[in-house]
Structures are given as structure tokens and as C-alpha cells.
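Subject: Structure handover

Hi,

Here is the structure I promised to pass on. Please open it alongside this message.

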Amino acid sequence: MNIAAPAPAFMTTRQLQVAVATTSYCQARCQECVWPYMDKSNHVMTQAEFELLLTRFRGFEIQEFAFNVINEPFVDKHIVKKLRSYVSSNIVTNSLFFSSNWLIPSESQIADFVSAIEDAVVCDHVKTISLNATISGIDQKTYDLLQGGALLENTKAPYRSLDFRAAVTNVIRLIALLEERRLFNRKAVLRIKAYGDAFRLQEMEEFWDRQLSAAGIRRPLATRHVRILLNHGSTTFARFEPRRFSRGRCVSGWLDTRLVIGPTGDVGLCCEDGLRSIIVGNLLHQDMNSLVSSQAFREQLEITAAKRDAPYGHPCRRCQFFERI
């Protein structure tokens, strides 16, 4: 007999992790991406929709608020305006997360972005800021391979070369502006990440040391506040073969302590495969109480909380964070 799932923990603790995708498109085609074979949508959440969404989090302390964890945030032309809206909302936030491949923004957009980050640095209600740059390459060849997906076959998006030098230049410009405005402190850090096996971490570190030095970036700053990471947090959700067992639990806490919201306001099962295949509600059409009391939400929480078996074909069955109990 199935045991009914309790209300999600975040409704009791009033603490929640949130990932919001304001756009569902990314122009890169990374070799390690879990979605290289999936259709892409050009839908972008409007400014008014984003501001409505923020009202759903009143009364909650956000442990992490992440913008566009998987997809490219600058596809949304108004992403900096949304970032400013979040900072000015006064939502108590332990960590504000922002990641980009830095291919799209212009010099003026980067300056505007840094100005918005300055607002987050000086405010009291945002405790830490995690800035991230995904550049999977140390030259044009490795960049085409790992971030352009030169060798991937049968993907929805056809291969096209990406401008490695433009991405590097934009990251250097970002770092220089953050340093110029003295925004690197114990509150903010920048992580430059690469994924794949085309080079070693030492080679990546040496490449960025040369780039930062040539740009006049002080070594102590780079050592303390710019971190170089290879295959950090790399996951393979959608490529896992289905597990032989069905009874398990989500050790990442999706629906219990964490929510992900897509660009149309849909709340998904997780920020990977489940976001597109299972929808449990919509926070543009429901408030939080209505969301968590709905049958769709409760049924999926029963699965992630190990109160009900995941049926065959369910994305939890091929997720590395869904563990046997």
C-alpha cells in the first residue's frame, strides 16, 4: 500500500532552492550536455511574468536562486533587467547563481550586468554570489569539439563553429570590470568551468593564467576569486540506462526542498530530463499553496520521497541522484 506523501519540507521550513529558466534555448551544443538530442524552444519569460513569479516566494528564505542553470541566460535580451528585479525584490537569499557561456553579450551588456551585480554585492539580503562561465576549450579546436559538439551525430541542432576568442575576451572583460569596481570580495566568486576530456586541468589553468596575466589581472585576485574547474559537477541524467529497481528516493530533494520553473511558469520534476517530461504545476497560474496541494504535485512528491514506486520509463529511473532504498 502506498503511503501518502507529506507536504514538502519547504512549506514547513520556509526555506527553498529555486532554479528558474527564463529561456529554454542555448546556442551551444556541448558534448557533455544532457540535452543534445532534444528540441529547443525560443520561448522567453516576459518581465511581467518574472515579477509575478517573484511574488510566489514572499515569506520564503531562498537558499539558492539560480538563473538558467542549463540554458544560456543572454538569449533572454532582458536577463539583466530580471536580475535587477530579483535583487530589488528584497528576497532573503543565501546564494545567487548566474552562469553563461559569455558568447552573446556585448561590451555594454557586460557593463550593465556588472552594475546589477554591484547592487547585489552591496545589499544586505543577498549573502553570496556565484558567477560562472562555461568555456569548454583551451583553443578553437577543443572548443569546437567540446562546446560546439563537432563530433556529435543525430542532434536536433546542426553543428556550427563557435567563436572561442569572443567567449574568452568577454570573460576577461567581465573579470576586469568586477575588479575595477572592487566587487570581488568574500561575497562574490567567479568560476570558469570546462567539461570533457580533451585536455587536463593543468593545461586549462595554464591557459587562463596566461590570459589573465596578459590582461593585467593581478595574480592574487585570480588566486582568491577566480577558480578554474574541469568537469565540476558533471552529470549524465538523461543518458543513464533505466535502473532495474523502481523503489528509490531523490537524494537531491526535488519537490521537497527544491523547485525548478521553466520559461512558461511550469514547475518540472527536476532541472534536467524531468523538467521537460513531467509538469507538476505552474507558478504563473498558481500560488505556492495551490501548487503543493495539487494532485500532480503530490503524486510526484510521493515518488521522489520514496512513498510510491517510479513507473517504468519515469525519468527518476535513469537519474544518478535517485537512489535505492
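Below are my notes, from the whole chain down to single residues.

**Ground rules**

This is a predicted model, so local features need pLDDT of at least 70 and side-chain atom pairs count only at pLDDT 80 or more, while totals for chains, interfaces and linings use all residues. Residues are numbered from 1 along each chain as its sequence is written, and side-chain values use heavy atoms, with hydrogens and water left out.

**The chain**

The protein chain has 11 helices and 11 strands. These are DSSP runs, numbered from the N terminus: helices are H or I with at least four residues, strands are E with at least two. Buried residues make up 53% of the 325 residues. Buried means under 20% relative accessible area, exposed means over 50%, and partly exposed is in between (1.4 Å probe, protein chains only). Take the contacts between residues at least 6 apart in sequence: 77% of them join residues at least 24 apart. A contact means heavy atoms within 4.5 Å.

E1 (residues 15-20) and E2 (residues 61-67) run parallel, joined by six bridges. Strands pair if DSSP finds at least two bridges between them. Valine 18 stands opposite phenylalanine 65 in E2. E2 also runs parallel to E3 (residues 93-100), with four bridges. There, isoleucine 62 faces threonine 93 in E3. E2, helix H3 (residues 79-88) and E3 form a right-handed β-α-β unit. Right-handed means that, with the strands pointing away from the viewer, the path from the first strand over the helix to the second runs clockwise.

**The core**

The largest nonpolar core has 94 residues. Such a core is a set of buried Ala, Val, Leu, Ile, Met, Phe, Trp, Tyr and Cys residues joined through side-chain atoms within 4.5 Å. Phe57, Phe65, Phe113, Trp208, Leu259 and Met288 touch the most other members. Helix H6 (residues 164-180) gives the largest share of this core, nine residues. Leaving aside neighbours within four places in sequence, tryptophan 208 contacts Ile135, Val168, Val171, Ile172, Ile192 and Ile228.

**Helix H11**

H11 spans residues 295-304, and its buried residues are Phe297, Gln300, Leu301, Glu302, Ile303 and Thr304. What do they pack against? Their partners are helices H1 (9-13) and H10 (288-293), plus strands E7 (248-250), E8 (258-261), E10 (279-282) and E11 (322-324). Alanine 306 follows H11 and has a positive phi, near 65°.

**Residues in loops**

Most residues other than glycine have a negative phi. Arginine 182 has a positive one, near 55°. It lies in the loop between H6 and strand E5 (188-194). Arginine 182 counts as exposed because its relative accessibility is 73%. Asparagine 231 also has a positive phi, near 55°. Its loop runs between strand E6 (226-230) and E7. At 30% relative accessibility, asparagine 231 counts as partly exposed.

Phenylalanine 321 is in the loop between H11 and E11. It is partly exposed, at 26% relative accessibility. Its C-alpha atom is 9.3 Å from that of glycine 253, 68 residues apart along the chain.

Best wishes
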